[in-house]
Amino acid sequence: MRNGFGPETIQITRWLKGKYTCAVQNFSGEVPLAGCAATIEFFFDGNIEKFTCPSEGVEASWLVFTYDSQTHNLEVINKISEQP
């Protein structure tokens, strides 16, 4: 979604084998992404992980995590980055 106000929900009902990356892109650039206090909740395998956007960085992308659907491994990245 590139317009309007959140919250946004994405639901994956069937995981395909592979790695998934969760990233947020600040398309509007109206306010900095860093320090915006945006949050993500990731529900998987009966667990929940909560992430808050970092408070430092000037780039327009927030790399949150990668999830491997085969190994069920969650790799936390949680940093502001140049590209998603």
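Mentor: Start with the disulfides: a search of the whole structure finds zero. A disulfide here is a pair of cysteine sulfur atoms within 2.5 Å. C22 is in no disulfide, and the nearest cysteine sulfur, that of C53, is 11 Å away. C22 counts as buried because its relative accessibility is 18%. Buried means under 20% relative accessible area, exposed over 50%, and partly exposed in between (1.4 Å probe, protein chains only). Now take C53. Its closest cysteine sulfur is in C36, at 4.1 Å, which is too far for a bond. C53 is buried as well, with a relative accessible area of 6%.

A word on the source. This is a predicted model, where local features need pLDDT of at least 70 and side-chain atom pairs count only at pLDDT 80 or more, while totals for chains, interfaces and linings use all residues. Residues are numbered from 1 along each chain as its sequence is written, and side-chain values use heavy atoms, leaving out hydrogens and water.

Next, the sheet. Three strands form an open sheet, ordered β1-β4-β5, with antiparallel pairing. β1 (19-25) and β5 (73-81) stand at the edges with a single partner strand each, so one side of each has no neighbour in the sheet. Neighbouring strands are turned by 10° against each other on average, direction ignored. Strands are DSSP runs (E, at least two residues), numbered from the N terminus. Two strands pair if DSSP finds at least two bridges between them. β4 (residues 61-68) and β5 pair in the antiparallel sense over seven bridges. For W62, the bridge partner in β5 is I80.

Definitions and conventions: Helix = DSSP H or I, 4+ residues; strand = E, 2+ residues; numbered from the N terminus. Axes fitted to C-alpha atoms, helices over the stretch in contact; angles between N-to-C directions.
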